[in-house]
Amino acid sequence: MASRTSSITGRTQLLLGGDSRNLTPQNAWHEGTNIRKALRLHPQATRAWFLAELGKLIKFVDATKTIQDDEELKETARALMEENPDFKLEEFALVFEGIKRNKFGPMYGRLKLGELLDCCRQWSGTRAERILERQHRPEHDPYQRHSGTREERKAILVTVEDLIDLGQIKPPE
């Protein structure tokens with residue numbers, strides 16, 4: 001069993017143990033364990049954690065149209081894991097936390113599989129922009145910082161005659 005545990009990252013072991021502190025999108029991606037790998041190595045612990053987190057989310061959101069029974073909960077968990085095989089376990093934790101904090105927009109009293117899948121798709125898009133883009137193009141920085149790197153603007157002096165010639169103003173009558 002020890003050899004199987006070593007294949008799951010320390011971050012994931014903490015998460016399965018109930019510690020989700022200091023979880024960011026970057027460390028979830030770089031230090032997390034893929035959902036399929038976690039299911040292959042520790043199926044019971046992974047499913048138990050996933051169902052518990054999904055249950056907490058449903059209880060927290062308190063939507064009027066939501067998952068009603070254990071069978072629907074299991075089917076929703078299975079579908080989420082199947083539809084998002086590229087997700088890390090930690091990313092699901094971040095998506096659930098984002099839903100609690102309304103980061104994916106209002107749910108309008110609904111929390112069913114469709115809404116959860118939409119949130120996961122939004123997360124995938126954000127991940128692609130923030131994390132994967134930086135991996136493939138390290139020089140690309142979507143958050144341009146201009147402290148000292150911005151060229152000073154040079155003044156262009158334009159006369160009234162220049163503006164008339166350019167057609168920007170009408171000549172005085």
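**Exercise 1.** In this predicted model, is glutamate 97 buried, partly exposed or exposed?

*Solution.* Start with the cut-offs: buried means under 20% relative accessible area and exposed means over 50%, with partly exposed in between. Glutamate 97 has a relative accessible area of 31%, so glutamate 97 is partly exposed. Next, look at its partner: glutamate 97 forms a salt bridge with arginine 101, and the closest N and O atoms are 2.8 Å apart. Arginine 101 has a relative accessible area of 56%, so arginine 101 is exposed.

**Exercise 2.** Work out where the buried residues of helix H5 sit around its axis.

*Solution.* Begin with the buried residues of H5: Thr46, Trp49, Phe50, Glu53, Leu54, Leu57 and Ile58. They cover an arc of only 165° around the axis, so they lie on the same side of H5. On the other side, Gln44 and Lys59 are exposed.

Now pick out one of the buried residues, glutamate 53, with a relative accessible area of 17%. Glutamate 53 forms a salt bridge with lysine 56, with the closest N and O atoms 3.1 Å apart. Both lie in H5, 3 residues apart, which is about one turn of the helix. Lysine 56, at 46%, is partly exposed.

Note on methods
Residues numbered from 1 in each chain as written. Predicted model: local features only at pLDDT ≥ 70, side-chain atom pairs only at ≥ 80, totals over all residues. Heavy atoms only, no water. Buried < 20%, exposed > 50% of the residue type's maximum accessible area, 1.4 Å probe, protein only. Helix = DSSP H or I, 4+ residues; strand = E, 2+ residues; numbered from the N terminus. Arc of directions from axis to C-beta. Salt bridge = Lys/Arg side-chain N within 4 Å of Asp/Glu carboxyl O.
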